[in-house]
Amino acid sequence: MGIMNKIRNKLTMGKGRLKQDAGRATDDPYLAAEGQGDRVAGAGRQVGEQAKDAGKNIRDAFG
């Protein structure tokens, strides 16, 4: 399930980038802010996945 979460996070970040760019192009600060929020949320989840993977690697190395 980890790979699916990583893909979902990358898609969320990409969707956020598109929203942010569209908001900037149309001078819609609300859409740009929503896009930035999506990017940050996806990036935060991605960091969580990476930390989980690092914990698993450490456990495997010593276990």
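Tutor: What follows is a set of questions and answers on this model, which is predicted.

Student: What makes up the secondary structure of the protein, helices or strands?

Tutor: The protein has 2 helices and 0 strands. Helix H1 covers residues 2–25, and helix H2 covers 29–62.

Student: How do you know whether the span of H2 agrees with its number of residues?

Tutor: H2 has 34 residues, which at 1.5 Å a residue should span 50 Å. The end C-alpha atoms of H2 are 49 Å apart, and therefore the two values agree. For H1, with 24 residues, the distance from first to last C-alpha is 35 Å, close to the expected 34 Å.

Student: How does the radius of gyration of the protein stand against that of a compact globule?

Tutor: For 63 residues, a compact globule would have a value near 11 Å, but the protein has 15 Å. The C-alpha trace spans about 55 × 15 × 10 Å along the principal axes.

Student: Why is Gln-20 called buried?

Tutor: The term buried requires a relative accessible area under 20%. Gln-20 has 4% relative accessibility, so Gln-20 counts as buried. This residue lies in helix H1. Leaving aside residues up to four places away in sequence, Gln-20 touches Leu-31, Ala-32, Gly-35, Gln-36 and Arg-39.

Student: Which other residues of H1 are buried, and what covers them?

Tutor: Besides Gln-20, the buried residues of H1 are Asn-5, Asn-9, Thr-12, Gly-16 and Gly-23. Their cover includes helix H2.

Student: Which residues of H2 are buried, and what covers them?

Tutor: In H2 the buried residues are Ala-32, Gly-35, Asp-38, Gly-42, Gln-46 and Glu-49. Their cover includes H1.

Student: Why is Leu-31 called partly exposed?

Tutor: Partly exposed describes values between the buried limit, under 20%, and the exposed limit, over 50%. Leu-31 has 25% relative accessibility and therefore counts as partly exposed. Leu-31 is placed in helix H2. Not counting residues up to four places away in sequence, Leu-31 touches Lys-19, Gln-20, Ala-22 and Gly-23. The C-alpha atoms of Leu-31 and Gly-16 are separated by 9.5 Å, and these residues are 15 apart along the chain.

Student: Why is Asp-27 called exposed?

Tutor: Exposed means over 50% relative accessible area. Asp-27 has 68%, so Asp-27 is exposed. Asp-27 is found in the loop between H1 and H2.

Student: What makes the phi of Asp-27 worth noting?

Tutor: Asp-27 has a positive phi of about 55 degrees although it is not a glycine. Most residues other than glycine have a negative phi.

Student: What share of the contacts joins residues 24 or more positions apart?

Tutor: Among contacts with a separation of 6 or more, residues 24 or more positions apart account for 46%.

Student: How many positive and negative charges does the protein have, and how far apart are their mean positions?

Tutor: There are 12 positive and 8 negative charges, and their mean positions are 6 Å apart.

Notes. Residues numbered from 1 in each chain as written. Predicted model: local features only at pLDDT ≥ 70, side-chain atom pairs only at ≥ 80, totals over all residues. Heavy atoms only, no water. Helix = DSSP H or I, 4+ residues; strand = E, 2+ residues; numbered from the N terminus. Rg over C-alpha atoms; globule rule 2.2 N^0.38 Å. Contact = heavy atoms within 4.5 Å. Lys, Arg positive; Asp, Glu negative; His and termini not counted. Charge placed at Lys NZ, Arg CZ, Asp CG, Glu CD. Expected span 1.5 Å × (residues − 1). Buried < 20%, exposed > 50% of the residue type's maximum accessible area, 1.4 Å probe, protein only.
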